[in-house]
Amino acid sequence: MTVVVCGPAAWNHLILLDRLPEPIPHMQFASASVHTVGGTSAGKAVHLADAGVAVRLHALLGEDAEGVAVAEALRRADVEVVRHVSAVTEQHVNLMTAEGGRVSLYVATPSPADESAVETSLADLATAEVAVVDLGAFGAELIRRGVGAPVWTDLHDYDGSSAFHEPFLRAAEVVFMNDDAVDDPWALLRSCVDRGPRMAVCTRGAEGAIALGADGTRYAVAAASVDLVDTNGAGDAFFAGFLAAHMAGADVDGCLAAGAQQAVVALESAHLHPALA
């Protein structure tokens, strides 16, 4: 069966700096500049394909040059793309440092999903073994109407109380997040599984990742050794590696280890995945 992913795919301009800009007018020279595919759903989809999972991505893409570039790059990476109409393709400019610092600037946002996009996506999601529904207005509407398959979702830098994240959390079987917004990630995971999911997973950068089952069982994995190039998409790669291992029958420890290894693929590339170069 197929994993169906619904959510953001974007065209990104990645700019590598020695340091992030200070909040005053100034000038810096970039040491590198890359135009490439971005978007959390695109990242998950390409890493699932790399792990041998049949995957289909529903995304809002414009008929502009950026939308064409995103769709073509994903198809070359063996991702089946269902394009839904948008006036413009989502675009970001990411200012980054070699140490992992990042400032992400949204320079174009997609149009709201029309009724056709919502109905087509819901019909496809209902056939999926796993429905990956990512944060955003498109995903929120899908969640509101009800997804007819087990939902896995990524809450990103969730703080444990954001109202926007709440419907995604309560609809999900498994949730992922990072620890950027909290001091106690175990408490964050506990608050998540108390609201419905059977498993909550938190990535912690160089400290690895942890997971908590609804029964209170704790799991942890160390970060894999990596020659760091770029941190963009590492969380999405981890999600995909974990999910692919789960579909292959691995236990939670095996899924965490697979996620950690898949994250290396993103971390050692200037792209979300080398296949997008």
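Ring pairs join W152, F176, F239 and F242 into a cluster. The model is a predicted one. In total, the structure holds 6 aromatic pairs.

Take W152 and F239 to begin. Their ring centres lie 6.2 Å apart and their planes meet at 70°, so this pair is edge-to-face. The cut-off for that class is over 60 degrees. W152 belongs to strand β9, residues 151-154. F239 belongs to helix α7, residues 234-247. The pair therefore ties together parts that are 87 residues apart in sequence.

Now turn to F176 and F242. Here the ring centres are 5.2 Å apart and the planes stand at 90°, so this pair too is edge-to-face. F176 sits in strand β10, residues 174-178. F242 sits in helix α7. This contact therefore ties together parts that are 66 residues apart in sequence. F176 counts as buried because its relative accessibility is 3%. F242, at 4%, counts as buried as well. Buried here means under 20% relative accessible area.

Charged side chains also meet rings. Which residue lies over the face of F239? It is K44, at 5.0 Å from the ring centre. F239 thus has a ring partner in W152 and a lysine, K44, over its face. Elsewhere, R218 places its charged end over the ring of W186. The distance to the centre of the W186 ring is 4.2 Å.

Terms used:
Residues numbered from 1 in each chain as written. Predicted model: local features only at pLDDT ≥ 70, side-chain atom pairs only at ≥ 80, totals over all residues. Heavy atoms only, no water. Phe/Tyr/Trp six-rings, centres within 6.5 Å; stacked < 30°, edge-to-face > 60°. Helix = DSSP H or I, 4+ residues; strand = E, 2+ residues; numbered from the N terminus. Buried < 20%, exposed > 50% of the residue type's maximum accessible area, 1.4 Å probe, protein only. Lys NZ or Arg CZ within 6 Å of the ring centre and 35° of its normal.
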